[in-house]
Amino acid sequence: MPDTVKITALGLNQYVSISTNQASYASGDTLELFLCLGNSKINLDITADIFLGFVMPDGSLLFFDSSLSKLVAADPDDLSTFTPARVNITIPSGYVSPTLKEANADMDKDGINEVFRFFSAQLPNLIKPGAYYVFAALAKPGSYKTGEKEIIGDVSIVKFSFSP
Ligand SMILES: [Ca+2]
């Protein structure tokens, strides 16, 4: 099953995966964001802050706060302005999220839910056209506050475009 392969592939050095429901959007389309977390059985437990957000067409950054519905602007050159979505989360060895029971969206449209949709919004035509990126990254707990860049594992980043 491709879904199983995809989920178990997450976890060796990539613990978080973000994805979108489409590669390009027009005004009125619904942007959905999906998240998976995982840690290989051969790794130890990890503890991290989770950052989720957008890189805007002008290079500015927006982060989801802990409500996962509000976006907070940040200075790309100043890590201390970054807003984590979750802090001090432990991702145990062998962890897979979502489980089949928790999955609420069918990203690859094969009839089986395999991802967790944490955000869904209809895009207004007020948004600037261009290339956007959505990302998910883990960092050593509290490291952003001191301005140290201590990313854990691979950053998951996906490009999408908007043209009204
Ligand atoms: Ca599916």
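View 1. Asp49 stands opposite Ala139 in β10, where strands are DSSP runs of E with at least two residues (helices are runs of H or I with at least four), numbered from the N terminus. The model is predicted, and for this reason local features need a pLDDT of at least 70 and side-chain atom pairs count only at pLDDT 80 or more, whereas totals for chains, interfaces and linings use all residues. Residues are numbered from 1 along each chain as its sequence is written. Strand β4 covers residues 46–55 and β10 covers residues 130–139, and the two run antiparallel, joined by seven bridges; strands are said to pair if DSSP finds at least two bridges between them.

View 2. Gly53 stands opposite Phe135, and in β11 the bridge partner of Phe135 is Ile157. Strand β11, made of residues 151–162, pairs with β10 in the antiparallel sense over nine bridges.

**View 3. Strand β4 also pairs with β5 and β7.** Four bridges join β4 to β7 (residues 86–91), with the two strands running antiparallel, and Ile46 has Ile91 as its bridge partner in β7. Three bridges join β4 to β5 (residues 61–64), again in an antiparallel arrangement, and here Phe54 stands opposite Leu62. Five residues lie between β4 and β5 in the hairpin that they form, and Gly59 in its turn has a positive phi of about 90°.

**View 4. The largest nonpolar core holds 25 residues.** Such a core is a set of buried Ala, Val, Leu, Ile, Met, Phe, Trp, Tyr and Cys residues joined through C-beta atoms within 7 Å. Val16, Ile18, Leu35, Leu138 and Ala139 touch the most other members. Two or more residues each come from β1 (16–20), β3 (30–38), β4 and β10, and β10 gives the largest share, six residues. Leaving aside residues up to four places away in sequence, Val16 touches Leu37, Ile50, Ala136, Leu138 and Ser156, a contact being two C-beta atoms, placed from the backbone, within 7 Å.

View 5. A residue is buried if 20 or more other C-beta atoms lie within 10 Å of its own, exposed if 12 or fewer, and partly exposed in between, with C-beta atoms placed from the backbone. Val87 lies in strand β7 and counts as partly exposed because it has 14 C-beta neighbours inside 10 Å. Not counting residues up to four places away in sequence, Val87 touches Asp49 and Pro141. Gly38 lies in strand β3 and counts as buried because it has 22 C-beta neighbours inside 10 Å. The C-alpha atoms of Gly38 and Asn13 are separated by 9.8 Å, although these residues are 25 residues apart along the chain.

**View 6. Confidence along the chain.** The protein chain averages a pLDDT of 90, and 93% of the residues score at least 70, where pLDDT is the predictor's confidence in each residue, from 0 to 100. Over residues 1–8 the pLDDT is below 50, and this stretch has six contacts in the model beyond near neighbours in sequence.
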